[in-house]
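Here is a short note for someone opening this structure for the first time. Please read the points with the model in view.

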Amino acid sequence: MKIIRAKDYNDMSRKAANIISAQVIIKPNCVLGLATGSTPIGTYAQLVDWYNKGDLDFSDVTTVNLDEYKGLPRDNDQSYYYFMNDNLFSKVNINLDRTFLPDGMEPDSDKACADYNKVIAETGGVDLQLLGLGHNGHIGFNEPGAIFEAETHCVTLTESTVKANQRFFASIDDVPKQAYTMGIKTIMQAKKILVVVSGEDKAKIVKEAFFGAITPQVQASVLQLHNDVILVADEAALSLVK
Ligand code: F6R
């Protein structure tokens with residue numbers, strides 16, 4: 001694994017955006033695996049900035065996102081589709097027909113997951129997968145557990161996640177209880193993986209995930225078995241790593 005040490009969140013965002021830009025420049029018709037969450041927001045903003053300056057062209061790029069809530073329509077501002085549209089897709093010249101997320105409005109979980117596996121296979125494979133890191137080591141919605149789930153699957157969110165998300169919804173009943181997520185095998189099949197991490201609150205999990213035992217209890221630890229992973233993290237997130 002290659003570790004790139006950034007000064008702070010902005011520096012991390014710029015460095016990560018540089019790596020994504022390089023991928024788009026080297027292979028204009030590349031497949032990008034994308035993530036939501038707070039960490040990559042600055043990375044997307046930087047990509048938009050370079051696009052506006054004429055330095056980047058997304059017209060031939062295909063994207064597949066890691067995950068989506070089950071039961072949330074695309075126009076709900078908490079859906080991951082909405083997030084991607086808001087932070088990237090609506091701001092660059094990407095072909096929306098080439099942007100994919102699991103279909104959160106498909107009630108049949110088996111169908112939603114099988115359809116998404118097919119979408120990913122039809123892209124020909126992910127060239128560069130962007131990942132954030134959960135405080136418990138999750139990647140996508142692959143939560144600590146006894147096994148590594150291989151492909152797209154439906155996850156029931158823990159009670160604490162549902163409660164934590166309550167602040168974004170009118171009532172607890174409106175909070176999604178399930179999500180569709182890419183599996184670990186799919187993530188590991190990406191040719192290159194870029195993990196972005198920022199903040200002291202992630203320092204402990206960075207150490208565990210990338211320098212500890214490889215175990216489904218810390219799902220990101222499996223990334224130690226991939227031969228082309230770049231971790232771009234700021235000093236705070238790397239503060240427990242020598
Ligand atoms: C996002 C995702 C999650 C986040 C992780 C970190 O699509 O799948 O695994 O990457 O929860 O989130 P932040 O960046 O908000 O700390």
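How many residues surround the ligand, and which are the closest?

1. **Ligand shell.** The ligand is surrounded by 14 residues. Ser38, Thr39, Asp67, His138 and Lys202 are the closest. Here a residue is near a molecule if one of its heavy atoms lies within 4 Å of it.

2. **Basis.** The model is predicted: local features need pLDDT of at least 70, side-chain atom pairs count only at pLDDT 80 or more, and totals for chains, interfaces and linings use all residues. Residues are numbered from 1 along each chain as its sequence is written, and side-chain values use heavy atoms, with hydrogens and water left out.

3. **Shell make-up.** Eight residues of the shell are polar, four are nonpolar and two are charged. Asp, Glu, Lys and Arg count as charged; Ala, Val, Leu, Ile, Met, Phe, Trp, Tyr, Cys and Pro as nonpolar; the others, Gly among them, as polar.

4. **Oxygen atoms of the ligand.** A side-chain N or O atom of threonine 39 is 2.4 Å from a ligand oxygen. For aspartate 67, a polar side-chain atom lies 2.5 Å from an oxygen atom of the ligand. In histidine 138, a side-chain N or O atom is 2.6 Å from a ligand oxygen. The ligand taken alone exposes 410 Å², and the protein buries 85% of that. Areas come from the Shrake-Rupley method with a 1.4 Å probe.

5. **Leucine 101.** This residue is in the loop between strand E5 (99-100) and helix H4 (109-123). Strands are DSSP runs of at least two residues, helices of at least four, numbered from the N terminus. Leucine 101 counts as buried because its relative accessibility is 9%, and buried means under 20% relative accessible area (1.4 Å probe, protein chains only). Its C-alpha atom is 9.3 Å from that of threonine 181, 80 residues apart along the chain.

Notes. A polar contact is a pair of N or O atoms within 3.5 Å; within protein, one must be able to donate a hydrogen and the other to accept it, and residues adjacent in sequence count only if both atoms are side-chain atoms. Buried means under 20% relative accessible area, exposed over 50%, partly exposed in between (1.4 Å probe, protein chains only).
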